[in-house]
Amino acid sequence: MTNSATTANTSLLSAGTRFRLALTENQPLPIVGTINPYCAMLAKHAGHKAIYLAGGGVGTYSYGLPDLAITTLNDLLTDVRRITDASDLPLLVDVDTGFGGLFNIARMVKSLIKDGAAAMHIEDQVQLKRCGHRPGKEVVAIDEMVDRIKASVDARTDDSFFIIARTDALAVEGLRATIDRACAYAEAGADMIFAEACTELEQYRKFVDALDRPHSVLANITEFSMTPGFTLEELRSVGVSAALYPLSAARAMAAAALRVYQAILRDGTQKGVLGIMQHRNDLYEIINYQAYEQKYDQLFAKVKKQP
């Protein structure tokens, strides 16, 4: 089968099914953060098979707010729709603690599926959550998190929609208690466990061994955090199924933007920072600018031919 035929056939699959297929074909699957539609297009152009929308990304880059559960479900869904409209890569979405009680969680799951998301992760922090790599985190009781997962599973209108349970308990309760939580979450119906803020590679292996199921563990390889920058090969060696890079590109973009803003004030020109900019021609290639322009040309040509 040709690549074009494969792509056509894959596009007929649901978003959740495409996410599951990507997990099966990539061990582990790198999932890169995309804060907007153009980033999603860039990720696909680079060859990635799955993308991610971080709650912290929505807060910071769409609203200028910290990752402290300040944004709403509608804020999140706005960004989800923008990305899924522009990209067919399966999108994993960070839903924090679910934006409310069990009925809110059910509504959220249905909305995510309707808006084209492939997967989500929901966490066991209290509603007034913190960034997973900051001090002062608090987690809810196991039973409360199990209810969040069951509400999510029951609300699925597409069985392929992938539900990941994130646990932040490692920094609060220790490894053994957190593994117990992970097993309870898997038993409740979670498709995968997101073991947040692991500090040692072997901790992932212990989660994988305890869960003993396909596609069991996701690792968050976020920069400047409590988790070292383990390579994909290192994660593969301990059985991790997916590696998350939530804001890697966004941080690079922000640093480059700051350098440009500073250079214009300092030098009176942007010439010294052209080397860190994307060329106009590369932009046009990725967004298929010429194809849109050709449509204009055809339209104008028809107008000119009219008597």
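## An aromatic residue at the surface

Phe300 is partly exposed, with a relative accessible area of 44%, where buried means under 20% relative accessible area, exposed over 50%, and partly exposed in between (1.4 Å probe, protein chains only). This is a predicted model, in which local features need pLDDT of at least 70 and side-chain atom pairs count only at pLDDT 80 or more, while totals for chains, interfaces and linings use all residues. Residues are numbered from 1 along each chain as its sequence is written, and side-chain values use heavy atoms, with hydrogens and water left out.

- Tyr296 lies in helix H14, which covers residues 289-305; helices (H or I, at least four residues) and strands (E, at least two) are DSSP runs, numbered from the N terminus.
- Tyr296 is exposed, with a relative accessible area of 54%, and in H14 it is four residues, about one turn of the helix, from Phe300.
- The rings of Tyr296 and Phe300 form a stacked aromatic pair, with 5.8 Å centre to centre and 15 degrees between the planes; rings of Phe, Tyr and Trp (its six-membered ring) pair if their centres lie within 6.5 Å, and planes under 30 degrees apart count as stacked, over 60 as edge-to-face and the rest as tilted.
- Together with Leu299 and Val303, Tyr296 and Phe300 make a nonpolar surface patch of about 420 Å².
- Such patches are made of residues with over 30% relative accessible area and no salt bridge, like charges being joined within 9 Å and nonpolar side chains (Val, Leu, Ile, Met, Phe, Trp, Tyr) within 5 Å, and the accessible areas come from the Shrake-Rupley method with a 1.4 Å probe, where for residues only the protein chains shown count as cover.

**Nonpolar cores**

- The largest nonpolar core has 58 residues, and those with the most contacts inside it are Leu112, Met120, Tyr204 and Leu235; a core of this kind is a set of buried Ala, Val, Leu, Ile, Met, Phe, Trp, Tyr and Cys residues joined through side-chain atoms within 4.5 Å.
- Helix H6 (residues 102-114) supplies the largest share of this core, namely six residues.
- A second, separate core of 23 residues includes Cys39, Ala54, Ala118 and Leu218.
- Not counting residues up to four places away in sequence, Leu235 touches Pro28, Leu201, Tyr204, Ala219, Ile221, Phe230, Val240 and Ala243, contact meaning heavy atoms within 4.5 Å.

**A buried aromatic pair**

- The structure holds four aromatic pairs.
- One of them joins Tyr204 and Phe230 edge-to-face, at 6.1 Å centre to centre and with 85 degrees between the planes.
- Tyr204 lies in helix H10 (residues 201-211) and Phe230 in the loop between strand S7 (217-220) and helix H11 (232-237), so this pair ties together parts that are 26 residues apart in sequence.
- Tyr204 and Phe230 are both buried.

**Salt bridges**

- The count comes to 20 salt bridges, each being a side-chain nitrogen of Lys or Arg within 4 Å of a carboxyl oxygen of Asp or Glu.
- Lys129 pairs with Asp96, the closest N and O atoms being 3.3 Å apart.
- Because Lys129 lies in the loop between strand S4 (119-123) and helix H7 (142-155), and Asp96 in the loop between strand S3 (91-94) and H6, the pair ties together parts that are 33 residues apart in sequence.
- Lys129 and Asp96 are both buried, as are Arg166 and Asp168, whose side chains meet in a salt bridge of 2.7 Å, N to O.
- These four residues belong to a salt-bridge network that also links Asp67, Glu123, Lys137 and Glu196.
- In helix H11, Arg236 and Glu233 are three residues apart, about one turn of the helix, and form a salt bridge whose closest N and O atoms are 2.2 Å apart.

**Backbone features**

- Most residues other than glycine have a negative phi, and most peptide bonds are trans.
- A cis peptide bond joins Gln27 and Pro28, with omega about -10 degrees, and Pro28 is found in the loop between helix H2 (15-25) and strand S1 (29-33).
- Ala69, although not a glycine, has a positive phi of about 60 degrees and lies in the loop between helix H4 (55-63) and helix H5 (73-86).
- His215, also not a glycine, has a positive phi of about 50 degrees and is placed in the loop between H10 and S7.
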